[in-house]
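This briefing goes through one protein chain by topic. Please keep the sequence and the 3D structure open while reading.

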Amino acid sequence: MKDAKNVTITDSEWMVMRAIWTMGHATSRELIDAMNELEGWSASTTKTLLRRLIQKQAVAQHGGSRPFTYKPVVGEKESMAAAADDLFDHMCAMRAGSTIAGVIQSRELSRADIANLQAILAEKAKTAPEEVQCNCLPGDQTC
């Protein structure tokens with residue numbers, strides 16, 4: 001698998017990647033049909049996005065002739081983690097906790113997800129500082 005940190009994909013490309021990750025592998029026809037049903041996209045839109053994902057080495061084309069099969073080169077979990085890291089790298093460290101809390105409140109979570117989060121937070125609390133420092137500017141300035 002390719003390192004997901006080295007692949008930047010657009011919102012539309014994420015939709016195609018989600019379909020490929022869900023299917024495991026897919027032909028262009030399967031992707032065109034899925035994207036048309038989900039998003040109302042034309043065949044040319046899906047083909048363009050697929051071509052861009054191949055150029056970015058996020059997807060690989062397999063087979064010597066049509067129909068080609070397309071498989072992910074970057075993992076779903078790794079791609080989501082890289083996207084989340086990128087988001088948090090662009091915000092003040094002091095805002096991370098409230099942002100995470102907002103995400104948790106706005107999403108449906110299973111009991112297992114909640115138990116996992118509780119265990120992670122309990123462990124994290126053992127070494128957490130009283131206050132996270134602002135990382136926006138050098139020096140004593142804070143948000």
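Val7 has a relative accessibility of 13% and therefore counts as buried, since buried means under 20%. Val7 belongs to the segment before H1. From Val7 to Thr127 there are 120 residues in sequence, and their C-alpha atoms are 33 Å apart in space. The model is a predicted one.

**Packing of H1 and H2**

- Two packed helices are described by the angle between their axes and the distance between the axes.
- For H1 and H2 the angle is about 120°, and the axes are 10 Å apart.
- H1 and H2 are therefore oblique to each other, because an angle of 65 to 115 degrees would count as roughly perpendicular and one over 145 as roughly antiparallel.
- The crossing in which H1 passes H2 is right-handed.
- On the H1 side the contact is made by Met15, Val16, Ala19, Ile20 and Met23. On the H2 side it is made by Glu30, Leu31, Ala34, Met35 and Glu39.
- Sorted by type, the residues of the contact of H1 with H2 are eight nonpolar, two charged and no polar.

**Packing of H2 and H3**

- H2 and H3 pack with their axes 9 Å apart, at an angle of about 120°.
- This angle makes H2 oblique to H3.
- H2 and H3 cross in a right-handed way.
- H2 brings Ser28, Leu31, Ile32 and Met35 to the contact, and H3 brings Ala43, Thr46, Lys47 and Leu50.
- The contact of H2 with H3 consists of five nonpolar residues, two polar and one charged.

**Thr46, a buried residue of H3**

- Thr46 is located in helix H3.
- Is Thr46 buried or exposed? Thr46 has a relative accessible area of 1%, so it is buried.
- Which residues is Thr46 in contact with, leaving aside its neighbours within four places in sequence? They are Leu31, Ile32, Met35 and Trp41.
- Leu31, Ile32 and Met35 are also among the residues that H2 brings to its contact with H3.

**Salt bridges**

- Side chains of opposite charge can pair when their charged atoms come close.
- The structure has four salt bridges.
- One of them joins the side chains of Arg52 and Glu13, with 2.8 Å from N to O. This pair links distant parts of the chain, for Arg52 is in helix H3 (residues 43-55) and Glu13 is in helix H1 (residues 11-23), 39 residues apart.
- Arg29 forms a salt bridge with Asp33, and their closest N and O atoms are 3.0 Å apart. Both residues lie in helix H2 (residues 28-39), four residues apart, which is about one turn of the helix.
- Arg29 is partly exposed, with a relative accessible area of 48%. Asp33 is partly exposed as well, with 41%.
- Glu123 and Lys126 meet through their side chains in a salt bridge of 3.0 Å, N to O. Shared partners in salt bridges join Glu13, Arg52 and Lys56 into one network.
- Glu123 is partly exposed, with a relative accessible area of 48%. Lys126 has 63% and so counts as exposed, because exposed means over 50%.

**Backbone features**

- Most residues other than glycine have a negative phi, and most peptide bonds are trans.
- Gln57 is not a glycine, but its phi is positive, near 60°.
- Where does Gln57 lie? Gln57 is in the loop between H3 and E2.
- Gln57 is partly exposed, with a relative accessible area of 45%.
- Arg66 and Pro67 are joined by a cis peptide bond, with omega about 0°.
- Pro67 sits in the loop between strand E2 (59-62) and strand E3 (69-72).

Note on methods
Residues numbered from 1 in each chain as written. Predicted model: local features only at pLDDT ≥ 70, side-chain atom pairs only at ≥ 80, totals over all residues. Heavy atoms only, no water. Helix = DSSP H or I, 4+ residues; strand = E, 2+ residues; numbered from the N terminus. Buried < 20%, exposed > 50% of the residue type's maximum accessible area, 1.4 Å probe, protein only. Axes fitted to C-alpha atoms, helices over the stretch in contact; angles between N-to-C directions. Parallel < 35°, antiparallel > 145°, perpendicular 65-115°, else oblique. Left-handed = near helix turned anticlockwise from the far one by under 90°. Contact = heavy atoms within 4.5 Å. Nonpolar A, V, L, I, M, F, W, Y, C, P; charged D, E, K, R; others polar.
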